[in-house]
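Let's walk through this model together, one group of side chains at a time. Keep the viewer open as you read.

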Amino acid sequence: MSESSDAANPDPTAPRSSRGPWGSFLMGLWLVAVWTLLWGTPTFANVVSGAVVAVVVLWAFPRSVPSHGQVALRPVRVAAFAGWFLVQLVTASLHVAWLVVRPSGLHHTRRGIVAVPVRGISSQLLIMVANAITLTPGTFTIEISAAPPVLYVHALESDHPDAIRQSVLDLERRIVRAFGTNEAVAALETSEIAPVEQVAR
């Protein structure tokens, strides 16, 4: 088949790349979703204000990363991730609510900051991971380091830092598989993760 014919009939199963306006649209949708979730209520005003914020952010910070660092749309995996993340939000919300209403309250929780080295396949995907952590009750991303890629996460319960690190790595893997390009997904198996001893403060 000729090259022109291939271009006219793209593979329908391939993820839609984030190059061009389609990628900006995907990132804009993500920013609107994060903004709306942060407000807690999907009202018309929140969605519109989120759209305004997304436009300003995309205009002020144009994307200039290489193709392997961009996002792509994988509808089935995105839907699966959305369902999984919704369950995580509900579970975390119930757990935090229990910590608040239990007889001892929050006095016996050991709050702390956990350094979480990640793969850092893409700056865009890394921001998605950081936002997802912040949206989850009980955790909050306070800093992102690029070299090496590390997320510093404030946790309401930091007694088991290794478990927190594993959950963040799992979150990153799910986000890359849902929103990453083919190159980003392939990099999941080859990307190195910095030792905790080198990044812990």
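**Salt bridges, aromatic rings and a surface patch**

R173 has a relative accessibility of 32%, so this arginine counts as partly exposed; here buried means under 20% relative accessible area, exposed over 50%, and partly exposed in between (1.4 Å probe, protein chains only). Before going further, note that this is a predicted model, in which local features need pLDDT of at least 70, side-chain atom pairs count only at pLDDT 80 or more, and totals for chains, interfaces and linings use all residues. Residues are numbered from 1 along each chain as its sequence is written, and side-chain values use heavy atoms, with hydrogens and water left out.

Which residue does R173 meet in a salt bridge? The partner is D170, at 2.7 Å from N to O; a salt bridge is a side-chain nitrogen of Lys or Arg within 4 Å of a carboxyl oxygen of Asp or Glu. Helices (H or I, at least four residues) and strands (E, at least two) are DSSP runs, numbered from the N terminus. D170 is also partly exposed, with a relative accessible area of 23%.

D170 forms a salt bridge with R174 as well, their closest N and O atoms being 3.0 Å apart. R174, at 29% relative accessibility, is partly exposed.

The count of salt bridges comes to four. Another one of them pairs R119 with E172, with 3.0 Å between the closest N and O atoms. Because R119 lies in the loop between β3 (112-117) and α5 (123-135) while E172 is in helix α6, this pair ties together parts that are 53 residues apart in sequence. Both R119 and E172 are buried.

Now for the rings. The structure holds three aromatic pairs; rings of Phe, Tyr and Trp (its six-membered ring) pair if their centres lie within 6.5 Å, and planes under 30 degrees apart count as stacked, over 60 as edge-to-face and the rest as tilted. F81 and W84 have ring centres 5.9 Å apart and planes at 35°, so their pair is tilted. Both lie in helix α4 (residues 75-101), three residues apart. F81 also pairs edge-to-face with F179, at 5.9 Å centre to centre and 80° between the planes. That pair links distant parts of the chain, with F81 in helix α4 and F179 in helix α6 (residues 161-179), 98 residues apart. Both F81 and F179 are buried. Together, F81, W84, F85 and F179 form one aromatic cluster.
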